Amino acid sequence: MLSQINGLARHFTEDTLRAYLLSRSTRTDNGCLVARGYGRQRGVYQKLAGRAWAHIAAYVVFVGDYDPTLEVHHDCGVPDCIEPTHLRQLSHADNCRERRQPPVCRNGHERETEPSTGRYRRICRACNREAQKRWRERQAAEVAAARATYGPA
Ligand SMILES: [Zn+2]
Ligand SMILES: [Zn+2]
């Protein structure tokens with residue numbers, strides 16, 4: 001629904017907004033559709049069509065089912081991209097988490113890539129393995145301590 005796009009100039013229909021967005025954007029080699037807003041700065045979120053955010057307008061007319069309580073996240077990491085297949089809705093917290101995906105986990109293990117999404121796997125298997133090992137060692141120590149206290153059965 002166009003009324004969900006804050007700041008959108010009133011004369012647009014879904015069709016004319018689609019045509020407008022395409023006329024103001026350029027396809028790049030990595031598949032992004034980069035929108036050109038009013039400002040001179042590139043590589044940042046773009047405003048156009050009145051005072052509307054380009055990526056939100058694109059989500060509404062190219063993807064649909066826009067939920068204004070969620071943010072529009074760029075899977076490609078390019079803020080001025082409006083390619084519909086690069087846009088995804090996430091909660092604010094998830095969006096913050098997704099935006100900075102360091103190539104290593106907080107314990108310095110190299111991150112694995114999830115084949116289905118092409119993004120880093122959120123769970124680190126090396127950390128997981130180590131946590132399980134620590135847990136088993138703790139269990140074994142507790143059993144040993146219990147045996148020492150109560151003597152051999
Ligand atoms: Zn993109
Ligand atoms: Zn790790």
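What radius of gyration does the protein chain have, and what would a compact globule of 153 residues have? The protein chain has a radius of gyration of 24 Å, whereas a compact globule of 153 residues would have one near 15 Å; the radius is taken over C-alpha atoms, and the globule rule is 2.2 Å times the number of residues to the power 0.38. Along the principal axes, the C-alpha atoms fill a box of roughly 85 × 30 × 25 Å.

The model is predicted, with local features requiring pLDDT of at least 70 and side-chain atom pairs counting only at pLDDT 80 or more, while totals for chains, interfaces and linings use all residues. Residues are numbered from 1 along each chain as its sequence is written, and chains are lettered from A and ligands numbered from 1 in the order in which they are written.

The protein chain is divided into domain 1 (1-100) and domain 2 (102-153), with bounds from an automatic or database domain assignment. The centres of the two domains, taken over C-alpha atoms, are separated by 41 Å.

In the protein chain, 4 helices and 8 strands are present, in the order α-β-β-β-β-α-β-β-α-β-β-α from the N terminus. Helices (H or I, at least four residues) and strands (E, at least two) are DSSP runs, numbered from the N terminus.

An unreviewed UniProt entry lists residues 53-95 as "domain: HNH nuclease"; UniProt positions follow the numbering used here, feature names are shortened, and annotations may be inferred rather than shown by experiment. Residues 53-95 are 33% helix and 21% strand, and their end C-alpha atoms lie 17 Å apart.
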